Amino acid sequence: FNAGMGAGVVDVDERLLRLAVATQADGNYSGQRIRFGFVKERKIARLTALLLPGEFTTSVSQAPSQPNPVTTFRLSEELSSAIKSYLDPEKRLPWWWIELRSHLREAALEEASHWDAHIGETMADGTFKYHSTEQPNIDVLQAIAAITNYKTRRDDGSMREGRWYGDQWIEATKPCYNLTLRRKYDSRGDNVTVEEIAYDGDV
């Protein structure tokens, strides 16, 4: 493809692509199936909207030490296999995604905003901040954004991540890579003062 124009040539199923974005963020491989566990209603609603009847089962559980119930989704083996083919073996975003057609790259970027991301009150024009503890995810997403006319800024830090293991909540500090994506990619120079300098050489 032409990186300058972002003219990709690969066609895939957009719904499966979006489910792959969700899986790399919050899914777990459990045998032959992909499993999700959510407390947040926003994520429960988003995943439900992407799935079709018969493709999954759900259950709700709450351990005595957990403050909120957890809704677990278990995807069918057939759907799980299809989604896994869109990701690399380590459940990360693969580099071949930069070959996707432009509308599919747009879909992947938009879907990322629903998962490991934050949209603040001051983030207008489709701007959001994506977080990942996996640097390859950041690299691939930034490359996709760069050829899809998004403006990006990366900054690295750390985060405390916790998970329930049975009745025990375990926290750990991990590196965290942050990528701000801005759909309005043009930069304004309204407050720039220009000084003219006489010059007769080659530019």
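Where is the place of asparagine 137? Asparagine 137 sits in helix 5, where helices (H or I, at least four residues) and strands (E, at least two) are DSSP runs numbered from the N terminus. The model is a predicted one, so to speak of local features takes a pLDDT of at least 70, and side-chain atom pairs count only at pLDDT 80 or more, while totals for chains, interfaces and linings use all residues. Residues are numbered from 1 along each chain as its sequence is written, and side-chain values use heavy atoms, with hydrogens and water left out.

Overall, the protein chain has five helices and eight strands. Going along the sequence, these elements come in the pattern α-β-β-α-β-β-α-α-β-β-α-β-β. Of the 203 residues in the protein chain, 36% count as buried, buried being under 20% relative accessible area, exposed over 50% and partly exposed in between (1.4 Å probe, protein chains only). Contact here is heavy atoms within 4.5 Å. Take the contacts in the protein chain between residues at least 6 apart in sequence, and 66% of them join residues at least 24 apart.

Four strands make up an open sheet in the order 1-2-4-3, with antiparallel pairing; two strands pair if DSSP finds at least two bridges between them. Strand 1 (28–30) and strand 3 (56–61) are the edge strands, each pairing on one side only. From one strand to the next, the twist averages 30°. In general, strands of a sheet pair through backbone hydrogen bonds, either parallel or antiparallel.

Strand 1 is joined to strand 2 (residues 33–38) by three bridges, and the two run antiparallel. Asparagine 28 has arginine 35 as its bridge partner in strand 2. The hairpin of strand 1 and strand 2 has two residues between the strands, and glycine 31 takes a positive phi near 65° there.

On to strand 4 (residues 70–75), which runs antiparallel to strand 2 and is joined to it by four bridges. Phenylalanine 36 has phenylalanine 73 as its bridge partner in strand 4, and phenylalanine 38 stands opposite threonine 71. Valine 60 also stands opposite threonine 71 in strand 4. Six bridges pair strand 3 with strand 4 in the antiparallel sense. Strand 4 is mostly covered, with five of its six residues buried.

Helix 1 (residues 14–26) lies across strand 1 and strand 2, and runs at about 65° to strand 2. Axes are lines fitted to C-alpha atoms, for helices over the stretch in contact, and angles run from 0 to 180 degrees between N-to-C directions. Helix 1 also packs with helix 4 (residues 102–112), at an angle of about 35° and with the axes 9 Å apart. Residues Glu14, Leu17, Arg18 and Val21 of helix 1 meet a set in helix 4 that includes His103, Leu104, Ala107 and Ala108.

The largest nonpolar core holds 42 residues, and Trp97 and Leu181 have the most contacts inside it. Such a core is a set of buried Ala, Val, Leu, Ile, Met, Phe, Trp, Tyr and Cys residues joined through side-chain atoms within 4.5 Å. Helix 1 supplies the largest share of this core, seven residues. Setting aside neighbours within four places in sequence, leucine 181 is in contact with a list of residues including Leu109, Phe128, Tyr130, Leu141 and Ala145.

Back to helix 5 (residues 135–146), whose twelve residues reach 16 Å from the first C-alpha to the last. That is close to the 16 Å expected at 1.5 Å a residue, the expected span being 1.5 Å times one less than the number of residues. Buried residues in helix 5 are Asn137, Ile138, Val140, Leu141, Ile144 and Ala145. Asparagine 137 counts as buried because its relative accessibility is 2%. Apart from neighbours within four places in sequence, asparagine 137 is in contact with Gln24, Arg92, Leu93, Tyr130 and Ser132.
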